[in-house]
Structure formats: C-alpha cells, structure tokens
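Please keep the sequence and the coordinates in view while reading.

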Amino acid sequence: MNLQQLRYVVATAEHRTMTEAARSLYIAQPALSRAIRDLERELGLTLFARSGRGVVVTPQGRRVVKLAREALDAVREIEALAAGEQAPGAELRIAATPSLEPGLAGRLLPAYAAEHPGIRVQIVRCDGRDSVVTAVREQRADLGLTDLPVPTDLVTHPVERQEFVLISPPGAGLPEPVPLSRLNGMRLLLPTPGSPRRREFDHIFTTYGVRPVVAVESDDRAGWLGVVKDAGAHLLWYRAMAEQAARAGLEVRALSPALKKVIAVVHARRRLPPIAQDFVAIAEGGSAA
C-alpha cells in the first residue's frame with residue numbers, strides 16, 4: 001500500500017461515487033475502480049460495497065478509511081513542518097456565526113496572533129450553527145466556533161459558557177435581572193418555526209412554563225436589532241450581542257435563572273495541522289465552567 005492508494009480510499013469514501021471521487025483526484029473513473037479492486041485484493045478486505053450508482057463503505061472499510069485519513073494527515077503535517085508552515089502566507093480558516101464573531105475577534109484572535117504573527121486568519125462568516133457545521137464538513141473551514149450541540153461526526157472543544165440576555169426597546173421598564181416568568185405574554189422576536197434554534201427556544205419556554213407572544217419570526221440576524229427598536233419586540237440572544245445592542249440604543253438585561261449555552265471550537269475527525277492545533281489550545285485556555 002502506498003500514499004496514492006490511501007488518497008484513493010479516502011476520496012472514494014468521501015464522495016460515495018467512483019465518478020465524483022475520480023473527478024476530485026483528476027484521474028479516469030475506470031482507473032480508480034481498478035486501483036480500489038487491486039487494493040482490496042492486496043489486503044484481502046472488501047472496503048466498498050457497490051450500491052446502485054454509488055458505493056457504501058463496509059465495516060472493514062470504515063476502519064481502513066479512518067487509518068488512511070490519519071496517515072495522510074500525518075504526512076501533511078510532516079510536509080508542513082518541513083516547508084515551515086509558520087512562515088508568512090499560512091492561513092487558518094475559522095467558521096463563526098455573527099453573534100459569536102465579536103468574541104472570536106475580540107479575545108481569541110488577538111491571543112492567537114500574538115503567538116503566531118505570521119499566520120493569516122480568515123473568518124468564514126456563517127448565518128447559524130448548521131452553516132458552521134456545513135463549512136467544516138465541506139472543508140471550507142479548518143475550525144468552527146459555535147454553540148452546542150453539533151452532530152457527533154465532529155470533534156468538540158468547549159471553550160466557554162455564554163449566557164442569554166433579554167434585549168429590549170428603550171423604556172421597557174423591566175427589573176434587573178428579568179425573572180423568566182416575566183416572559184409570559186411578552187412580545188418576542190423569535191426564529192422561524194421548525195428551525196433548530198426555534199425548537200431550542202420552544203423547549204426553554206416549555207421547561208420554564210412561560211408563554212410569550214410571538215411578535216416577529218425571522219432568521220435574518222443582521223436585522224434583529226432594528227426589529228427590536230422599530231417593532232417594540234424583545235429578543236433573547238447571547239450576551240456577545242449586548243455591546244452592539246447598547247450602541248443601537250437598546251436595553252440589555254440578564255435573566256433569572258440564568259440561561260447558558262456551551263460555546264465550542266469544532267472540527268472534523270482528522271488530525272489537525274499544527275496552526276489549527278495551536279488555536280484550539282489557546283481557545284481552551286478560556287473557561288467552560
């Protein structure tokens with residue numbers, strides 16, 4: 001077995017069709033099929049079962065694919081060290097949602113840049129947790145910063161707990177903190193029905209026995225603060241948005257009891273390059289307690 005064969009195995013497992021895998025490898029599909037068959041004969045294992053127009057990874061194949069990914073990651077890491085990956089021009093891509101980006105830019109990136117001044121960090125802007133997961137899965141981002149939970153095919157590194165606050169229009173006249181019972185009958189801006197975020201809020205409302213009034217339903221986070229100000233609705237969201245809300249002339253109050261979500265750095269189940277490993281180490285220097 002050689003590195004080329006390992007790449008063939010991983011590409012076939014990721015694309016699930018020989019045609020797409022061959023296209024990603026810039027080789028002809030018959031050549032890839034022959035190479036996989038030859039490898040299966042060499043190993044005495046069936047790595048892929050043919051299913052219609054595609055292939056399905058067998059139980060034996062899943063183990064081989066996992067080891068192949070680890071081997072390729074190790075080779076890339078060695079090559080990166082030899083090439084001097086810390087040199088100017090290296091790039092780390094981090095997917096983040098708008099509500100978590102201020103914390104990323106304000107705390108984590110300066111700490112990372114202080115230790116890695118030659119690394120360029122690109123923030124991949126995503127409109128929600130699902131978009132962060134997709135960006136990481138599709139390798140458009142090396143790491144993602146999002147709240148939990150995420151699917152189990154991703155590795156999570158909790159970095160902090162972030163509380164929800166109530167963002168209100170001016171002159172709301174509410175106490176500090178706001179008892180959750182005060183949400184009864186309160187006009188709230190909420191995500192659209194059926195969305196993962198809306199299901200989470202509905203679960204919170206059921207748990208605490210509160211029944212707010214749905215004033216506006218929107219997933220357009222960029223416009224939320226404007227809706228709060230213009231429509232007189234209240235918004236439950238992370239404290240990371242508090243500074244932005246205050247600049248917009250809105251009121252921000254804590255909740256009682258406090259509601260918190262775990263924020264984590266997430267990535268695919270593979271060996272991370274050194275620059276990504278270093279970012280995870282710095283991020284975990286925060287508190288998830």
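## Arg140 and its partner

At 39% relative accessibility, Arg140 counts as partly exposed, a class that lies between buried (under 20% relative accessible area) and exposed (over 50%), computed with a 1.4 Å probe and with protein chains only. Arg140 forms a salt bridge with Glu138, and the closest N and O atoms of the two are 3.0 Å apart; the term salt bridge stands for a side-chain nitrogen of Lys or Arg within 4 Å of a carboxyl oxygen of Asp or Glu.

## Basis of the description

The model is predicted, so that local features need pLDDT of at least 70 and side-chain atom pairs count only at pLDDT 80 or more, while totals for chains, interfaces and linings use all residues. Residues are numbered from 1 along each chain as its sequence is written, and side-chain values use heavy atoms, with hydrogens and water left out.

## The chain as a whole

The chain has ten helices and 13 strands, where helices (H or I, at least four residues) and strands (E, at least two) are DSSP runs numbered from the N terminus. Along its principal axes the C-alpha trace spans about 75 × 45 × 30 Å, and of the 289 residues 44% count as buried. Among contacts (heavy atoms within 4.5 Å) between residues at least 6 apart in sequence, 73% join residues at least 24 apart.

The chain exposes about 14500 Å², of which carbon and sulfur atoms supply 52%; accessible areas come from the Shrake-Rupley method with a 1.4 Å probe, and for residues only the protein chains shown count as cover.

## Salt bridges across the sequence

A search of the whole structure finds 21 salt bridges. One of them joins the side chains of Asp142 and Arg93, at 3.1 Å from N to O. Asp142 lies in the loop between helix 6 (129-137) and strand 5 (143-147) and Arg93 in strand 3 (residues 91-96), so the pair ties together parts that are 49 residues apart in sequence. Asp142 is buried, with a relative accessible area of 10%, whereas Arg93 is partly exposed, at 22%.

Lys261 forms a salt bridge with Glu200, with 3.6 Å between the closest N and O atoms. This pair links distant parts of the chain, as Lys261 is in strand 13 (residues 260-268) and Glu200 in helix 7 (residues 196-208), 61 residues apart. Lys261 is buried, with a relative accessible area of 18%, and Glu200 also counts as buried, at 19%. Both residues belong to a network of salt bridges that links Arg129, Asp147, Arg197, Glu200 and Lys261.

Strand 5 is mostly covered, with five of its five residues buried. In a regular strand the side chains alternate between the two faces of the sheet. Here Leu143, Leu145 and Asp147 point one way from strand 5, while Gly144 and Thr146 point the other way. Strand 3 and strand 5 pair in the parallel sense over three bridges, pairing being defined as at least two DSSP bridges between two strands; the bridge partner of Ala95 in strand 5 is Gly144. Strand 5 and strand 13 run antiparallel and are joined by four bridges, with Val265 in strand 13 as the bridge partner of Leu145.

Ile263 lies in strand 13 and is buried, with a relative accessible area of 1%. Ile263 and Gln162 are 101 residues apart in sequence and 6.8 Å apart in space, C-alpha to C-alpha.

## An enclosed helix

Seven of the ten residues of helix 10 (residues 274-283) are buried, so this helix is largely enclosed by the rest of the structure. The buried residues include Phe279, Val280 and Ile282.

## Backbone details

The peptide bond from Leu148 to Pro149 is cis, with omega near 10°, and Pro149 is placed in the loop between strand 5 and strand 6 (154-168). Another cis peptide bond runs from Glu176 to Pro177, with omega near 0°.

Tyr26, in the loop between helix 2 and helix 3 (29-43), has a phi near 60°, a positive value in a residue other than glycine. Tyr26 is exposed, with a relative accessible area of 77%.
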